[in-house]
Amino acid sequence: MDKNRTYRIAVASGKGGTGKTLVATNLADMWSVDRELLLVDLDVEEPNDALFLSVVPEPAQTQFKMIPEWNSDRCTLCDICTEVCNFNAIARMGEYIIVFEELCHSCYACSGLCPTDALPMKPRRMGELQIAKREQFYFIEGRLDIGQEQAVPMIRKVIQTVDKRQDIPDLQLFDCPPGTSCPVVNAVHTADLVILVTEPTAFGLNDLQLAVETMRSMNKEMGVVINRDGIGDDAVQRWCDASGIEVIATIPYDSQLAYAYAKGKLSWKTNSRLREALEEIIAYVSEKMKTHV
Ligand code: SF4
Ligand code: SF4
(Lines give C-alpha, C1' and ligand atoms only; values in the text may rest on other atoms or scores of the structure.)
(Ligands and ions follow the chains in the order given, each with its own letter.)
Protein backbone atom coordinates (compact mmCIF):
# COMPACT_ATOMS: atom_id res chain seq x y z
CA MET A 1 0.00 0.00 0.00
CA ASP A 2 1.31 3.43 -0.92
CA LYS A 3 0.81 5.38 2.33
CA ASN A 4 0.88 8.68 0.46
CA ARG A 5 -2.22 7.74 -1.53
CA THR A 6 -4.22 6.37 1.40
CA TYR A 7 -7.45 8.22 2.12
CA ARG A 8 -9.14 7.45 5.40
CA ILE A 9 -12.75 8.39 6.17
CA ALA A 10 -14.04 8.04 9.72
CA VAL A 11 -17.80 7.60 10.08
CA ALA A 12 -18.65 8.76 13.59
CA SER A 13 -21.52 10.09 15.70
CA GLY A 14 -21.92 11.87 19.00
CA LYS A 15 -24.14 9.08 20.28
CA GLY A 16 -25.25 5.59 19.36
CA GLY A 17 -28.35 4.84 17.30
CA THR A 18 -28.09 7.71 14.82
CA GLY A 19 -27.47 5.52 11.77
CA LYS A 20 -23.67 5.50 11.71
CA THR A 21 -23.49 1.78 10.88
CA LEU A 22 -26.27 2.12 8.31
CA VAL A 23 -24.25 4.79 6.51
CA ALA A 24 -20.87 3.05 6.84
CA THR A 25 -22.01 -0.39 5.64
CA ASN A 26 -24.25 0.78 2.82
CA LEU A 27 -21.70 3.35 1.65
CA ALA A 28 -18.87 0.81 1.64
CA ASP A 29 -20.88 -1.90 -0.09
CA MET A 30 -22.22 0.45 -2.77
CA TRP A 31 -18.89 2.18 -3.44
CA SER A 32 -17.04 -1.15 -3.69
CA VAL A 33 -18.93 -1.86 -6.92
CA ASP A 34 -16.84 0.86 -8.56
CA ARG A 35 -13.54 0.60 -6.71
CA GLU A 36 -11.54 -1.32 -4.15
CA LEU A 37 -12.03 -0.21 -0.59
CA LEU A 38 -11.65 -1.31 2.98
CA LEU A 39 -14.29 -1.08 5.70
CA VAL A 40 -12.99 -1.33 9.27
CA ASP A 41 -15.36 -1.93 12.18
CA LEU A 42 -13.70 -0.05 15.05
CA ASP A 43 -16.76 -0.19 17.30
CA VAL A 44 -14.85 -2.94 19.08
CA GLU A 45 -17.20 -3.26 22.07
CA GLU A 46 -20.19 -3.99 19.84
CA PRO A 47 -19.02 -4.59 16.28
CA ASN A 48 -21.99 -5.40 14.03
CA ASP A 49 -20.98 -4.36 10.48
CA ALA A 50 -20.37 -8.02 9.61
CA LEU A 51 -24.05 -8.80 10.19
CA PHE A 52 -24.87 -6.75 7.08
CA LEU A 53 -22.07 -8.01 4.83
CA SER A 54 -21.75 -11.15 2.77
CA VAL A 55 -18.13 -11.84 3.58
CA VAL A 56 -16.35 -15.03 4.64
CA PRO A 57 -13.70 -14.17 7.23
CA GLU A 58 -10.24 -15.66 7.48
CA PRO A 59 -9.54 -17.48 10.79
CA ALA A 60 -9.70 -15.03 13.71
CA GLN A 61 -6.42 -13.67 15.07
CA THR A 62 -6.19 -13.48 18.86
CA GLN A 63 -5.13 -10.04 20.07
CA PHE A 64 -3.21 -9.28 23.24
CA LYS A 65 -2.56 -6.21 25.33
CA MET A 66 0.43 -5.70 27.58
CA ILE A 67 -0.23 -5.52 31.33
CA PRO A 68 2.32 -5.11 34.16
CA GLU A 69 2.76 -8.18 36.34
CA TRP A 70 3.95 -7.59 39.88
CA ASN A 71 6.97 -9.53 41.11
CA SER A 72 6.80 -9.39 44.91
CA ASP A 73 10.33 -10.76 45.34
CA ARG A 74 11.84 -7.78 43.54
CA CYS A 75 9.55 -5.03 44.89
CA THR A 76 10.85 -2.58 47.51
CA LEU A 77 7.42 -0.91 47.94
CA CYS A 78 8.82 2.44 46.87
CA ASP A 79 5.40 3.52 45.47
CA ILE A 80 6.79 5.04 42.27
CA CYS A 81 4.42 2.90 40.19
CA THR A 82 1.27 3.89 42.08
CA GLU A 83 2.18 7.57 41.84
CA VAL A 84 3.01 7.55 38.14
CA CYS A 85 -0.14 5.80 36.88
CA ASN A 86 -2.57 8.34 35.44
CA PHE A 87 -5.38 5.81 35.26
CA ASN A 88 -5.52 4.56 38.86
CA ALA A 89 -4.77 1.12 37.47
CA ILE A 90 -2.19 0.21 40.07
CA ALA A 91 -2.46 0.57 43.83
CA ARG A 92 -0.70 -0.47 46.99
CA MET A 93 -2.57 -2.37 49.65
CA GLY A 94 -0.30 -2.91 52.63
CA GLU A 95 2.61 -4.92 51.34
CA TYR A 96 0.96 -5.81 48.05
CA ILE A 97 0.88 -4.03 44.69
CA ILE A 98 -2.40 -4.63 42.86
CA VAL A 99 -2.82 -4.10 39.10
CA PHE A 100 -6.39 -3.44 37.92
CA GLU A 101 -6.16 -4.87 34.43
CA GLU A 102 -9.39 -3.32 33.19
CA LEU A 103 -8.17 0.17 34.01
CA CYS A 104 -4.68 -0.31 32.55
CA HIS A 105 -3.93 1.57 29.32
CA SER A 106 -0.69 -0.37 28.66
CA CYS A 107 1.33 2.84 28.77
CA TYR A 108 4.45 1.12 30.24
CA ALA A 109 5.09 4.05 32.64
CA CYS A 110 5.04 1.99 35.85
CA SER A 111 7.04 -0.81 34.30
CA GLY A 112 9.65 1.52 32.84
CA LEU A 113 10.09 3.56 36.00
CA CYS A 114 10.18 0.70 38.48
CA PRO A 115 13.75 0.81 39.85
CA THR A 116 13.92 -2.94 40.50
CA ASP A 117 12.25 -4.31 37.36
CA ALA A 118 9.44 -5.66 39.51
CA LEU A 119 6.71 -4.86 36.95
CA PRO A 120 7.53 -6.61 33.67
CA MET A 121 4.85 -6.14 30.98
CA LYS A 122 3.14 -9.44 30.06
CA PRO A 123 0.63 -10.19 27.27
CA ARG A 124 -3.04 -10.75 28.16
CA ARG A 125 -5.73 -11.75 25.68
CA MET A 126 -8.22 -8.93 24.95
CA GLY A 127 -10.12 -10.07 21.87
CA GLU A 128 -9.98 -11.06 18.22
CA LEU A 129 -9.39 -9.50 14.86
CA GLN A 130 -11.00 -10.80 11.70
CA ILE A 131 -10.19 -10.06 8.10
CA ALA A 132 -12.41 -10.82 5.13
CA LYS A 133 -12.43 -10.08 1.41
CA ARG A 134 -15.09 -10.21 -1.28
CA GLU A 135 -14.15 -9.03 -4.79
CA GLN A 136 -13.27 -5.33 -4.34
CA PHE A 137 -14.53 -5.22 -0.75
CA TYR A 138 -12.07 -5.72 2.12
CA PHE A 139 -13.25 -5.89 5.71
CA ILE A 140 -11.51 -5.87 9.09
CA GLU A 141 -13.24 -6.17 12.44
CA GLY A 142 -11.87 -5.80 15.96
CA ARG A 143 -13.89 -7.47 18.70
CA LEU A 144 -13.19 -7.21 22.43
CA ASP A 145 -13.81 -10.26 24.58
CA ILE A 146 -16.87 -10.04 26.81
CA GLY A 147 -15.85 -8.43 30.08
CA GLN A 148 -13.00 -6.42 28.55
CA GLU A 149 -13.62 -2.73 29.16
CA GLN A 150 -10.69 -0.99 27.51
CA ALA A 151 -11.54 -0.34 23.86
CA VAL A 152 -8.50 1.83 23.09
CA PRO A 153 -5.78 -0.89 23.01
CA MET A 154 -7.95 -2.95 20.64
CA ILE A 155 -8.68 0.03 18.40
CA ARG A 156 -4.96 0.76 18.20
CA LYS A 157 -4.21 -2.87 17.32
CA VAL A 158 -6.73 -2.83 14.48
CA ILE A 159 -5.35 0.42 13.06
CA GLN A 160 -1.79 -0.92 13.34
CA THR A 161 -2.90 -3.98 11.35
CA VAL A 162 -4.40 -1.75 8.65
CA ASP A 163 -1.19 0.29 8.56
CA LYS A 164 1.05 -2.77 8.28
CA ARG A 165 -0.76 -4.84 5.67
CA GLN A 166 0.45 -4.29 2.13
CA ASP A 167 -2.63 -5.75 0.43
CA ILE A 168 -5.11 -3.19 1.80
CA PRO A 169 -6.89 -0.76 -0.58
CA ASP A 170 -5.97 2.92 -0.27
CA LEU A 171 -9.60 4.02 0.22
CA GLN A 172 -10.52 3.18 3.80
CA LEU A 173 -13.71 3.69 5.80
CA PHE A 174 -13.53 3.43 9.57
CA ASP A 175 -16.84 2.76 11.34
CA CYS A 176 -16.00 4.36 14.69
CA PRO A 177 -17.43 3.83 18.16
CA PRO A 178 -20.10 6.38 19.13
CA GLY A 179 -19.48 9.22 21.56
CA THR A 180 -16.70 11.72 22.10
CA SER A 181 -14.40 9.96 24.57
CA CYS A 182 -11.04 8.15 24.22
CA PRO A 183 -12.22 5.33 21.91
CA VAL A 184 -13.58 7.67 19.24
CA VAL A 185 -10.60 10.03 19.56
CA ASN A 186 -8.28 7.07 18.86
CA ALA A 187 -10.49 5.78 16.06
CA VAL A 188 -10.55 9.09 14.14
CA HIS A 189 -6.96 10.01 14.98
CA THR A 190 -5.54 9.06 11.55
CA ALA A 191 -8.60 9.99 9.47
CA ASP A 192 -8.37 12.52 6.62
CA LEU A 193 -12.08 13.25 6.80
CA VAL A 194 -14.75 12.67 9.44
CA ILE A 195 -18.38 12.12 8.49
CA LEU A 196 -20.61 12.81 11.50
CA VAL A 197 -23.98 11.08 11.33
CA THR A 198 -26.76 12.70 13.33
CA GLU A 199 -30.53 13.01 13.44
CA PRO A 200 -32.74 16.12 13.36
CA THR A 201 -33.74 16.14 17.03
CA ALA A 202 -32.70 18.14 20.08
CA PHE A 203 -30.66 15.16 21.31
CA GLY A 204 -29.08 14.76 17.90
CA LEU A 205 -28.08 18.42 17.82
CA ASN A 206 -26.66 18.35 21.32
CA ASP A 207 -24.53 15.27 20.61
CA LEU A 208 -23.48 16.64 17.23
CA GLN A 209 -22.25 19.84 18.89
CA LEU A 210 -20.11 17.79 21.29
CA ALA A 211 -18.75 15.68 18.45
CA VAL A 212 -17.92 18.78 16.35
CA GLU A 213 -16.12 20.30 19.34
CA THR A 214 -14.02 17.13 19.70
CA MET A 215 -13.20 17.01 15.97
CA ARG A 216 -12.27 20.68 15.94
CA SER A 217 -9.91 20.16 18.86
CA MET A 218 -8.21 17.51 16.68
CA ASN A 219 -8.19 19.78 13.58
CA LYS A 220 -10.24 17.27 11.63
CA GLU A 221 -11.95 18.12 8.38
CA MET A 222 -15.59 17.09 8.70
CA GLY A 223 -19.04 17.03 7.16
CA VAL A 224 -22.44 16.01 8.48
CA VAL A 225 -25.02 13.48 7.31
CA ILE A 226 -28.53 13.96 8.70
CA ASN A 227 -30.29 10.62 9.04
CA ARG A 228 -34.06 10.16 9.56
CA ASP A 229 -34.72 13.55 8.04
CA GLY A 230 -38.33 14.54 8.70
CA ILE A 231 -38.71 13.17 12.23
CA GLY A 232 -37.78 16.47 13.89
CA ASP A 233 -37.07 20.04 12.85
CA ASP A 234 -34.41 21.92 10.88
CA ALA A 235 -32.34 23.00 13.91
CA VAL A 236 -29.41 20.71 12.96
CA GLN A 237 -29.31 22.10 9.41
CA ARG A 238 -29.50 25.70 10.70
CA TRP A 239 -26.77 25.11 13.29
CA CYS A 240 -24.50 23.52 10.67
CA ASP A 241 -25.08 26.45 8.29
CA ALA A 242 -24.30 28.96 11.05
CA SER A 243 -21.21 27.00 12.13
CA GLY A 244 -19.74 26.63 8.65
CA ILE A 245 -20.13 22.83 8.60
CA GLU A 246 -21.31 21.29 5.37
CA VAL A 247 -24.32 18.99 5.44
CA ILE A 248 -23.14 16.46 2.87
CA ALA A 249 -26.42 14.56 2.56
CA THR A 250 -29.74 13.92 4.24
CA ILE A 251 -31.40 10.51 4.44
CA PRO A 252 -35.21 10.79 4.73
CA TYR A 253 -36.90 8.78 7.46
CA ASP A 254 -38.31 5.60 5.97
CA SER A 255 -39.81 2.81 8.05
CA GLN A 256 -38.72 0.26 5.39
CA LEU A 257 -35.12 1.38 5.91
CA ALA A 258 -35.44 0.89 9.66
CA TYR A 259 -37.08 -2.51 9.12
CA ALA A 260 -34.33 -3.70 6.77
CA TYR A 261 -31.66 -2.48 9.20
CA ALA A 262 -33.28 -4.36 12.06
CA LYS A 263 -33.20 -7.49 9.88
CA GLY A 264 -29.49 -7.04 9.14
CA LYS A 265 -30.02 -6.13 5.48
CA LEU A 266 -28.35 -3.48 3.34
CA SER A 267 -30.81 -1.16 1.60
CA TRP A 268 -28.90 0.81 -1.00
CA LYS A 269 -30.04 -1.42 -3.88
CA THR A 270 -33.73 -1.15 -3.01
CA ASN A 271 -34.07 2.31 -1.46
CA SER A 272 -33.57 5.04 -4.05
CA ARG A 273 -33.50 7.88 -1.50
CA LEU A 274 -30.75 6.19 0.48
CA ARG A 275 -28.87 5.55 -2.76
CA GLU A 276 -29.15 9.25 -3.73
CA ALA A 277 -27.77 10.28 -0.33
CA LEU A 278 -24.87 7.83 -0.66
CA GLU A 279 -24.12 9.14 -4.17
CA GLU A 280 -23.91 12.65 -2.68
CA ILE A 281 -21.48 11.41 -0.03
CA ILE A 282 -19.34 9.65 -2.66
CA ALA A 283 -19.29 12.82 -4.81
CA TYR A 284 -18.31 14.93 -1.79
CA VAL A 285 -15.53 12.57 -0.68
CA SER A 286 -14.26 12.16 -4.25
CA GLU A 287 -13.81 15.94 -4.51
CA LYS A 288 -11.92 15.97 -1.20
CA MET A 289 -9.69 13.15 -2.39
CA LYS A 290 -8.67 15.12 -5.50
CA THR A 291 -7.01 17.77 -3.34
CA HIS A 292 -5.59 15.30 -0.80
CA VAL A 293 -1.79 15.31 -0.63
S1 SF4 B 1 7.83 0.85 41.41
FE2 SF4 B 1 8.53 -1.28 41.49
S3 SF4 B 1 9.62 -1.42 43.41
FE4 SF4 B 1 8.41 0.46 43.53
S5 SF4 B 1 6.46 -0.19 44.48
FE6 SF4 B 1 6.17 -0.35 42.30
S7 SF4 B 1 6.67 -2.48 41.81
FE8 SF4 B 1 7.53 -2.08 43.82
S1 SF4 C 1 1.01 0.36 32.29
FE2 SF4 C 1 0.38 2.51 32.54
S3 SF4 C 1 -1.82 2.39 32.79
FE4 SF4 C 1 -1.06 0.32 33.14
S5 SF4 C 1 -0.77 0.24 35.36
FE6 SF4 C 1 1.19 0.88 34.46
S7 SF4 C 1 1.16 3.13 34.52
FE8 SF4 C 1 -0.93 2.42 34.85
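The model is predicted. Leu77 lies in the loop that runs between strand 3 (61-68) and helix 2 (80-84). Although Leu77 is not a glycine, its phi is positive, at about 55 degrees.

Most residues other than glycine have a negative phi. Asp117 is not a glycine either, and it has a positive phi of about 55 degrees. Its place is in the loop between helix 3 (109-113) and strand 6 (121-134). Asp117 is exposed, as 11 other C-beta atoms lie within 10 Å.

## Surroundings of the two ligands

Ligand 1 has 14 residues around it, of which Cys75, Cys78, Cys81, Cys114 and Ala118 come nearest. The shell around ligand 1 is made up of eleven nonpolar residues, two polar residues and one charged residue.

Ligand 2 is surrounded by 14 residues, and the closest are Cys85, Ala89, Cys104, Cys107 and Cys110. In the shell around ligand 2, twelve residues are nonpolar, two are polar and none is charged.

## Packing of helix 6 and helix 7

Two packed helices are described by the angle between their axes and the distance between the axes. For helix 6 (residues 202-217) and helix 7 (residues 235-243), the angle is about 25 degrees and the axes are 9 Å apart. The two helices are therefore roughly parallel to each other, since an angle under 35 degrees counts as such. Helix 6 passes helix 7 in a right-handed crossing.

Which residues of helix 6 and helix 7 meet? Helix 6 contributes Gly204, Leu205, Leu208 and Val212, and helix 7 contributes Ala235, Val236, Trp239 and Ser243. The residues of this contact comprise six nonpolar and two polar ones, with no charged residue.

## Met215 in helix 6

Helix 6 also holds Met215. Is Met215 buried or exposed? Met215 has 22 other C-beta atoms within 10 Å and is therefore buried, the threshold being 20 or more.

Leaving aside residues up to four places away in sequence, Met215 touches Val194, Lys220 and Met222. From Met215 to Tyr284 the separation is 69 residues in sequence and 19 Å in space, C-alpha to C-alpha.

How values were computed. Residues numbered from 1 in each chain as written. Chains lettered and ligands numbered in written order. Predicted model: local features only at pLDDT ≥ 70, side-chain atom pairs only at ≥ 80, totals over all residues. Axes fitted to C-alpha atoms, helices over the stretch in contact; angles between N-to-C directions. Helix = DSSP H or I, 4+ residues; strand = E, 2+ residues; numbered from the N terminus. Parallel < 35°, antiparallel > 145°, perpendicular 65-115°, else oblique. Left-handed = near helix turned anticlockwise from the far one by under 90°. Contact = placed C-beta atoms within 7 Å. Nonpolar A, V, L, I, M, F, W, Y, C, P; charged D, E, K, R; others polar. Near = placed C-beta within 6 Å. Buried ≥ 20, exposed ≤ 12 C-beta atoms within 10 Å, placed from the backbone.
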